[in-house]
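Subject: Structure for you to look at

Dear colleague,

I am handing over the structure we spoke about, with the sequence beside it. Please open it first and keep it in view while you read the notes that follow.

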Amino acid sequence: MNHNHLSLSQNLLYCASFDVVVGTEHCRLYLLASNAEQAAKYTWPTKTRKRTRYVVSRERLAGLQYADEIEAVAHRYGFADNHPHICDVMEDHKSLASVIVETNALHWALSFLPDDGTKTVSIDDKGLNVQGVPLGGITLYSAEMLVRSRPLRLVFKQMPRDETAHVDILGHRNARALKVSLGTEFHYVFDYRNGFTAWVTK
């Protein structure tokens with residue numbers, strides 16, 4: 001197997017309570033993972049041009065270190081899938097507010113975020129705020145939402161050091177979702193009251 005592809009240092013399955021979706025499209029490999037409170041999408045370059053999409057058990061992917069290993073395991077053990085994932089659904093929703101923030105500030109927030117409970121996350125003229133504590137950033141518009149602390153901590157733990165992240169609050173009817181973007185990866189935390197179901201209910 002060619003191990004020249006990107007080595008994976010993150011815990012890609014940190015929010016995968018359900019089976020994982022792995023696919024290829026336009027020379028990009030993607031992995032979609034989720035649970036009732038949050039979701040994540042990762043993408044990498046691949047030589048595969050054709051469009052594929054598989055549902056794979058998280059146990060099959062546990063411990064893999066290379067993107068091409070994920071692609072091979074999905075092709076061998078996965079089941080063909082054409083159902084929309086929550087990450088697909090989230091791409092179609094508008095942003096109510098945006099901020100560009102240093103990822104080091106997100107790591108610092110772990111020092112005061114408890115393992116349980118709920119916290120208000122807001123974007124305003126002070127930047128990104130968690131329960132009133134400003135984390136800084138360059139802001140576009142303002143909004144707020146209530147999230148569980150545990151999934152928020154899990155997302156912040158995934159952040160690399162010394163980079164910038166694009167943070168959005170997305171809106172759909174009365175539901176909200178926090179989106180953290182880092183170029184080729186996207187993380188979502190759904191609001192405390194609605195979870196992900198509000199985004200897929202017609």
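In this predicted model, strand β7, which covers residues 118-124, and strand β8, which covers residues 127-130, run antiparallel and are joined by 4 bridges. You can find one of these pairings by going to valine 121, whose bridge partner in β8 is valine 130. Helix α5, made of residues 149-157, packs on the sheet and touches β7, β8 and β11, and its direction makes about 100 degrees with that of β11. The sheet itself is an open one of 4 strands, paired antiparallel in the order β9-β8-β7-β11. Its edge strands, each pairing on one side only, are β9 (133-136) and β11 (143-148), and from one strand to the next the twist averages 25 degrees.

Another pairing to trace is that of β2 and β3, which are antiparallel over 7 bridges and form a hairpin with 3 residues between them. Within this pair, arginine 28 has proline 45 in β3 as its bridge partner. Strand β3, residues 38-45, is mostly covered, since 7 of its 8 residues are buried. This strand is also joined by 5 bridges to strand β14 (residues 185-190), and the two run antiparallel, with alanine 40 standing opposite histidine 187 in β14.

Not counting residues up to four places away in sequence, tyrosine 30 touches several residues, including Val21, Val22, Lys41, Trp44 and Arg53. With arginine 53 there is also a polar contact, from side chain to side chain, at 3.0 Å, while the C-alpha atoms of these two residues, which are 23 residues apart along the chain, are separated by 9.1 Å.

Finally, please look at the nonpolar cores. The largest has 48 residues, and those with the most contacts inside it are Val22, Leu31, Leu61, Leu128, Phe156 and Leu178. Apart from it lies another core, of 16 residues, among them Val21, Leu32, Leu170 and Phe186. If you select leucine 178 and leave aside its neighbours within four places in sequence, you will find it in contact with residues that include Val121, Met145, Leu152 and His187.

With best wishes

Methods
Residues numbered from 1 in each chain as written. Predicted model: local features only at pLDDT ≥ 70, side-chain atom pairs only at ≥ 80, totals over all residues. Heavy atoms only, no water. Pairing = 2+ DSSP bridges. Axes fitted to C-alpha atoms, helices over the stretch in contact; angles between N-to-C directions. Contact = heavy atoms within 4.5 Å. Core = buried A, V, L, I, M, F, W, Y, C linked by side-chain atoms within 4.5 Å. Buried < 20%, exposed > 50% of the residue type's maximum accessible area, 1.4 Å probe, protein only. Polar contact = N/O pair within 3.5 Å; in protein donor to acceptor, adjacent residues only side chain to side chain.
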